Amino acid sequence: MTENDGQDRLFGPNPSGLDESPHGMMVLVIVGMIVGLLSGMFGIGGGTVIVPALVWLGLSQRHAAATSMLAIVPTSISGVISYAHNGNVDWVAAALLSNAQSCYARAELEMTGLAGVLDDVIISSEEKIRKSARDLYMLALDREFVTAKHALMVGNDEQNDIVGARTAGIDGVYFRTEISPADDPETSSYAVRSFTGADYEGLLDYVLNA
């Protein structure tokens, strides 16, 4: 019995099936470089090429797929950093929650140009849920993939916008405008900040310095 036979009995054979000799490692490096070159030249995903290549080198299908997914992590992180440095990453998602009728709300958004600015439009008549229902706010959080503590509701109706958002754990900023309900207060005790009128500059200052 050789020393390697004893190791195989103790630890089992290499489960990946990969040749770990110096020659095998050199072939693996060369294949990796070729895959990277092809991906860069033709714009195809590295996984499309590298998984078959790893299987060809002797790796099991499962190990090849896992290796490909692991390789995505550092390249994805570096890509996000690069795009963020150039200001090409949208860190803030803006969604509209409205109790208006869909046929009017969407036409007005198109007319004002806001349809292309918002990340999402959630209208109660389409979802069959009205503000101030907690479920509508939870739906918005789920759709935008954010948690309540990272969200902010801005509205001019204390009960529907501010109190409703609070039931879902979302902070609210209150705008007291001419179309706010007549019995709404000048400032809302339920809001983290209140403004007189649609003070968007004040809102931006608050968000940037909060």
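How many helices and strands are there in the protein chain? There are nine helices and five strands. Keep in mind that this is a predicted model.

**The chain as a whole**

- Starting at the N terminus, the elements run α-α-α-α-β-α-β-α-α-β-α-β-β-α, so you can follow them one by one using the DSSP runs, numbered from the N terminus.
- The protein chain has 210 residues, and 28% of them are buried.
- Take the contacts with a separation of 6 or more: 40% of them are between residues 24 or more positions apart.
- The accessible surface comes to about 14,200 Å², and carbon and sulfur atoms hold 60% of it.

**The largest pocket**

- This pocket holds about 1,900 Å³ of space.
- It is lined by 50 residues, and the closest to its centre are Ala-95, Leu-96, Leu-118, Met-153 and Val-154.
- Several elements give two or more residues to the lining: strands E1 (95-98), E3 (152-155) and E4 (171-176), plus helices H5 (102-112), H7 (134-144), H8 (158-167) and H9 (200-209).
- H9 provides the largest share of the lining, with six residues.
- Sort the lining residues by type and you get 32 nonpolar, nine polar and nine charged.

**Salt bridges**

- A search of the whole structure turns up four salt bridges.
- One of them joins the side chains of Asp-120 and Arg-143, at 2.9 Å from N to O. Asp-120 belongs to strand E2 (residues 120-123) and Arg-143 to helix H7, so to speak distant parts of the chain, 23 residues apart.
- Arg-143 also meets Glu-127 in a salt bridge, at 3.3 Å from N to O. Glu-127 is in helix H6 (residues 124-127), and this pair is 16 residues apart.
- Put together, Asp-120, Glu-127 and Arg-143 are linked in a network of salt bridges.
- Glu-127, at 25%, and Arg-143, at 32%, both count as partly exposed.
- Another salt bridge pairs the side chains of Lys-131 and Asp-161, at 2.8 Å from N to O. Lys-131 sits in the loop between H6 and H7 while Asp-161 is in helix H8, so the pair ties together parts that are 30 residues apart in sequence.
- Are Lys-131 and Asp-161 buried or exposed? Lys-131 counts as buried at 13% relative accessibility, and Asp-161 counts as buried at 4%.

Conventions
Residues are numbered from 1 along each chain as its sequence is written. This is a predicted model: local features need pLDDT of at least 70, side-chain atom pairs count only at pLDDT 80 or more; totals for chains, interfaces and linings use all residues. Side-chain values use heavy atoms; hydrogens and water are left out. Helices (H or I, at least four residues) and strands (E, at least two) are DSSP runs, numbered from the N terminus. Buried means under 20% relative accessible area, exposed over 50%, partly exposed in between (1.4 Å probe, protein chains only). Contact means heavy atoms within 4.5 Å. Accessible areas come from the Shrake-Rupley method with a 1.4 Å probe; for residues, only the protein chains shown count as cover. On a 1 Å grid over the protein atoms alone, a cavity is a set of points where a 1.4 Å probe fits but cannot get out, and a pocket is an open set with protein on both sides within 12 Å along at least five of seven lines; lining residues have an atom within 4 Å of a point. Grid points are joined across faces, edges and corners, and a volume is the space filled by probe spheres set on the points. Ala, Val, Leu, Ile, Met, Phe, Trp, Tyr, Cys and Pro count as nonpolar, Asp, Glu, Lys and Arg as charged, and the others, Gly among them, as polar.
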